[in-house]
Structures are given as structure tokens and as C-alpha cells.
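Reader: I am new to this structure and would like to go through it in short steps. Please show it to me before we start.

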Amino acid sequence: MTYLLSFNQIEHLRKALTLFLFFVITSLCFSFYVKAENLIVFVDQTRNLDYFKDNQLHLIDDDLLHLTQQFHEQSPKRLILIRLQKVNKKKFIGSYQVLGRGLSLQGRFKTKEDLSNIYKEVVNDEIDFLFIGHTMSNKDFELILSQPGQRFGTIMSSACKTGNIETLKVFSKYTNRLLASPENVHLAHFELDNISQTLSGTPNERLFKMLEKSFARLKKFTKSNLVLNVYDLSNALLFNNLDCNGLDEVNQIVLATELELSSYENRSPTSNYFKLNNCKNE
Amino acid sequence: MNNLRLALCLIMIIFLGSISHAQTEHKEFRTKKKISAIVAKVKSTDREDKKVRQLNKLVNRLNKGLEKMDVNNLSNGQIEEITHLRQEINNGFNMAKRGGNQQLDEFADFFESSLNQASEASKESYNSVIFPFLAVILILVFV
């Protein structure tokens, strides 16, 4: 016995099948993206991070409050906000707040071990790491990056002059992709608005979006040189005595650049064409 | 009168103690606030001579402070950055004076943003434009 379908029914079935196949293919495509499920925002508040523009005070606390308001317990991305407040030989004091993927936690830590234990409880899958603060020593960067105990999908460094060879080598132990600057960065820091949307897609996509948005933000605040670069830290050139004079070589580790130069500021004498800092052989 | 002097000395010692103990952040903040207020004054007037006068005060204060700075505690990188900043500020100011109101406003913005960078050297620069509490010292000397 055959079942005959009318032309309209066949058309209807064809459309439904097309739609079904579209959803199947789309979900398969998404499964190949490396999703960053967690975002650590590490804020070094051992020094004042408030900033002025046009006689208006901008408080870092307000910016961070706005950041946490973008997340809640059921958010698909987990925000881990770490605020470091005091450091000495014995103490490593600050507060943490975790929001997303079923968690809503907050508390304080008093030692490095406390913070490492917190990371163990809340961090899983791929993480992005955003640092906001003043310039730090490489030893201090090593300390804060090593605490989560795993590599990151990307690192974003909203601090001055971290695009120098020795600091890049430190970062390369923890990620292949970095957004940083070889010049100064205004305290107005990288863009925190709609950060979940910005940090979606592959590591390159996440950093290219963050580069564009952060550059647009910082341009409104700073009249000094503004340079942001995305670095490929997996490139072996970084460790093969990278020749600061060789622009071709240096260009291979810089994947993307946004740059606006000030009329009043020259490049630093140890800067390589705004790609790297600490190049002394120019 | 002697009791008053003694009391003022004690207040001074406590005041100095509290300043030296991690008050740098507050100094930085107050200095940034004052600089920002002066920059706003520069931009709010249309008179070129007033703009130049205000900026002159800021630039001179920065230069004097940087000249007197004790560089022994600074790293080579910080010294280089402060030298670089000083050259830029002086060259920039000279350039801005030739350019008229718009250039002076832009220079004022540049001055403000230079001291709002996430850099260690900017911390040292604040100390050179701090407004000293000479009045209290004068009271102690002359009372």
C-alpha cells in the first residue's frame, strides 16, 4: 500500500528537513570551537587604579561592579574576579567573587595557598585571563599566572609595557595568545562591557575582538601613544634570540596591531617600531 | 606658648608618620585630582594667556620636582621613563604654545593622561608635583 503525499505536504516536509539539517550542522560547527568557559579577571589593587579624565573621577570599584552585574549564577560563562589588596613576604590578601555555571560565591583569601585552593574548586575547562593593574615584575607575573595550575586560552594584560621580550617569554609558559602593549596603557583599562560576547569564538577571534573594543575605549581616555598588539607566543622565534632589528622576524610574532600615536610623544628609545619594548640594539 | 609648640611638634611627628606609612596612594590620588582640576581650568577658558599661565605652573612644578628627585632608589628603567616624560612635557609645551588654543587644550589632555598611566614611573612623578605642607612647618618655626 503506498501513501501518496500532496505537493504541499512534500514542500512542507522538505522545509522542515532543511531546518533540521541546519540545526544539526550548526551545533556540530559550534562543538569544534574552543570555548573559554571561564574568565579570570585579576585586579592588582595594591596600588590605586582610579583615573581622571576631564576632571571627572572614574573609580575602578564602579567598573568592577559593572562587570559583575553582567554575570549571575546561571550565566554560561563563569567569572572569577580576584582583587589583590595587600602583599608582603607572608601575606597575600584579597577578595574573590565567582559567578556563573551554577556558582555564586564570594569571600576572602589571606595567603597564596588560599587562592590556589579557590582556583582548584572553581576553575575547569578553558580559561581566559585578564590582568588589570600597574606594571609588575616578571617574578610577580609568574606568581599570579601559575596559581590556577593550568595554561590559558588567552591572556590579556591591561598594564604598561608588558609587550617586552622577557615578559613575553614568561607569558608563553601559560598561553599561546596574548593581548598586550609595548607602550604605556591608560588606567582606564581594557573594555569590560559585554565581555562574554567579546570573549567568544576561537582564541584569535576573542583577542581580535578585545583588541578592537579596548582600543576604541582607551582612545577616548588617552592622548599619549596608544599601541595594542596580539602576540603569537607559540612562535619559536621568541626564544631564538629574536633580533630586534629584524622587523620581518618581529612581525611574525605580532598577529594584529592597533596604533595611534600622540603628537607629543615619541616612541621609547628601547622600542622596536611599537611591536616590542626593551630592544636595546637599535 | 611652649606647650603649643610641643603639641604642634607631636602632631607633626604623627602626621609625618602617617604620611610615610603607605599614604603614597592618597598622595597620588590627591595629586591626580589637583592636576585634573587645573587641566579643566585650562580647557574652560578661551583666553590663550590664561591657558599658558596655568600650564606653565604645572610644567615648572614638574620640572623642579624632577630635578630635586632622589634617583638612588629608582631602577634604570624608571629613571629613563621619567627623563623621557620630562622631555616630552617640555617639548610638547613649547610646541603647544606656538599652536594656539586648540593645541594648548590637547597638550593639557596629554599632560593629564600621562599621569594616569598604569606605570611605576608615574608614581614617582606624582611626588614631584605634590603641594607641600609648608604652612605647618612655618607655624612651628615662628610660633
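Reader: Which residue does the disulfide join to C244(A)?

Author: This is a predicted model, and over all chains it holds one disulfide. Its sulfur atoms lie 2.1 Å apart, S to S, and a pair of cysteine sulfurs within 2.5 Å counts as a disulfide. The partner of C244(A) is C279(A).

Reader: How many residues apart are C244(A) and C279(A)?

Author: C244(A) sits in the loop between β10 (226–232) and α8 (247–253) of chain A. C279(A) belongs to the segment after β11 (254–260) of chain A. The pair links distant parts of the chain, and the separation is 35 residues.

Reader: Is C279(A) buried or exposed?

Author: A residue under 20% relative accessible area counts as buried. C279(A) has a relative accessibility of 0%, so the class that applies to C279(A) is buried.

Reader: Which cysteine sulfur is nearest to that of C160(A)?

Author: C160(A) is in no disulfide. C160(A) has a relative accessible area of 1% and is therefore buried. The nearest cysteine sulfur is 18 Å away and belongs to C279(A).

Reader: Which element gives the largest share of the lining of the second largest pocket?

Author: About 390 Å³ of space lies in this pocket. Its lining has 18 residues, and those closest to the centre are T46(A), L84(A), V87(A), M136(A) and D140(A). The largest share, four residues, comes from α4(A).

Reader: How many charged residues are in the lining of the second largest pocket?

Author: Sorted by class, the lining of this pocket includes six nonpolar and five polar residues. The number of charged residues is seven.

Reader: Where in chain A is the pLDDT below 50?

Author: The mean pLDDT of chain A is 90, and 91% of its residues reach 70 or more. One stretch falls below 50, and beyond near neighbours in sequence this stretch has four contacts in the model. Where pLDDT is low, the predicted coordinates should not be read in detail. The stretch with pLDDT below 50 covers residues 27–33 of chain A.

Definitions and conventions: Residues are numbered from 1 along each chain as its sequence is written. Chains are lettered from A and ligands numbered from 1 in the order in which they are written. This is a predicted model: local features need pLDDT of at least 70, side-chain atom pairs count only at pLDDT 80 or more; totals for chains, interfaces and linings use all residues. Side-chain values use heavy atoms; hydrogens and water are left out. pLDDT is the predictor's confidence in each residue, from 0 to 100. Contact means heavy atoms within 4.5 Å. On a 1 Å grid over the protein atoms alone, a cavity is a set of points where a 1.4 Å probe fits but cannot get out, and a pocket is an open set with protein on both sides within 12 Å along at least five of seven lines; lining residues have an atom within 4 Å of a point. Grid points are joined across faces, edges and corners, and a volume is the space filled by probe spheres set on the points. Helices (H or I, at least four residues) and strands (E, at least two) are DSSP runs, numbered from the N terminus. Ala, Val, Leu, Ile, Met, Phe, Trp, Tyr, Cys and Pro count as nonpolar, Asp, Glu, Lys and Arg as charged, and the others, Gly among them, as polar. Buried means under 20% relative accessible area, exposed over 50%, partly exposed in between (1.4 Å probe, protein chains only).
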